[in-house]
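Q: Could you pick one part of this model and go through it closely for me? I'd like the cut-offs spelled out along the way.

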Amino acid sequence: MNIQDSLEKIRPALQMRVSNSLARGVGVRENFQEQLGRFLDLLAQAVLSGDATWLDPILQEWSNARTQTDLQEGERNLSGLLYKVITYSFEIARETLDAGDALELMAGLMPVYLRAVEKAAALENESQVQYISNELQSAQIRLKKLDKSKSNFIAVAGHELKTPLTLIEGYAAMIGDLATRENEQVHMLVQGTHNGIRRMREIVDDMIDVSQIDNHLLALNFQPVWLNRVFNMLEADFKSILEQRKHKLVVKSFSGSNELLFADPERLYQALKNLVSNAIKYTPDGGRITIDGRTLSGFVEITISDTGIGIAAENQETIFEKFGQLGDVSLHSSGKTKFKGGGPGLGLAITRGIIQAHDGSVWVESEGYDEIKCPGSTFHVLLPLRTQPSDPNMARLFGASENSAAQLPDDFQEPKP
Ligand code: ADP
């Protein structure tokens, strides 16, 4: 018997067995029988012509018919169906044909089936990849929307809190004025209120800064800066906290720290202050914080190292995201300088925003997180070594007079030797 006749002979039993095993319910089974009939017609054509691509259109159709649930669950029902057709064809061939015809039929069907299985797997992979990339895209859109509303919330909350805070600040100052020096207790209470207000103002300012950074609205005021002057200010500002925590702050002099460069002095100070304040917070009492640096071609690199608890490799990027605090938020203990006293988690996001607005970059290196061994962390700040102001008016000023430092804000004047 030739292959076509053998195939015709096994066809009714094959169609029945496959549809019984796969389709449940009479209506579904009828529809499936019809589809299977088309498949077997095309299979006969493929075997007759020796061209397995005859099956491609129906495989494509079946692949397109995969439901959302199939895709979600990664179901391979097309391959599953083909495996059933193959297994039953060989089973029925063995049952109904004599050995020679069965063998000949199997040999004829084998290359067509192999090609069909390959094609089905490729189609299923393709639609799965398409499904996953669509899902990823919509997840990205959702994330963007979420981040936007988070950003909007910070901006609105920051601005809304600012007004009542200014009122409280004003009234507290008036109460302070009214409280006579002799009344120690009232004085102490007013002082406490002032401290609370100051801390709250810092948080509100951070919220406003971070929303400006998010919306690319951070405006820099480029002026001449000497880094060692900025470092001296940090030393002075943290003096009493460093004493309280028994930390030693070492500021090294390096090439570049004495050179004039153009940056926004206040913003740069704010960025470095966040890093030093973190170094203090995340180092157990009696630690060492070192400010050092070097010049590279066209850049100056500042490093702030500590002997603290360190940062695990997997968190070394997330800490720069807003609210990128590590650890359990329910155990959050607030504090500006006490050991592990977490803030709102905005400091490093602001530092990165400020440094990036200067066309620089900031990153951290640490051997890992260990509160016992304290491997420490080193934050690197890379700033372009701008020796000319970007503002043409200021450039003229600097070109005209060597001694123009006399025009600078007092805090950032060139340090006297
Ligand atoms: P926070 O207000 O929580 O200090 P930051 O944005 O300044 O927020 O820092 C984010 C997180 O990065 C911190 O909660 C802390 O877990 C980690 N971190 C920052 N600096 C250091 C450091 N020097 N050593 C160890 N961990 C640090």
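**A helix residue, then the ligand shell**

A: Setting aside neighbours within four places in sequence, V117 touches L82, Y83 and I86 (contact means heavy atoms within 4.5 Å). Bear in mind that this is a predicted model, where local features need pLDDT of at least 70 and side-chain atom pairs pLDDT 80 or more, while totals for chains, interfaces and linings use all residues. Residues are numbered from 1 along each chain as its sequence is written, and side-chain values use heavy atoms, with hydrogens and water left out.

I86 sits 31 residues from V117 in sequence, and their C-alpha atoms are 9.7 Å apart. V117 itself belongs to helix α6; helices here are DSSP runs of H or I with at least four residues, strands are E runs of at least two, and numbering goes from the N terminus. The 80 residues of α6 (99–178) should span 118 Å at 1.5 Å a residue, which agrees with the 112 Å between its end C-alpha atoms; the expected span is 1.5 Å times one less than the residue count. α6 also kinks by about 35 degrees at M110, shortly before P111, with the bend taken between axes fitted to the seven residues ending there and the seven starting there.

Now the ligand: 19 residues surround it, and N278, K281, D306, G343 and L348 are the closest (near means a heavy atom within 4 Å). α9 (265–281), α10 (347–357) and β7 (377–384) each give at least two shell residues, with α9 supplying the largest share, three. A polar side-chain atom of N278 is 2.9 Å from a ligand oxygen; for polar contacts with the ligand, the N or O atoms must be within 3.5 Å.

Definitions and conventions. Polar contact = N/O pair within 3.5 Å; in protein donor to acceptor, adjacent residues only side chain to side chain.
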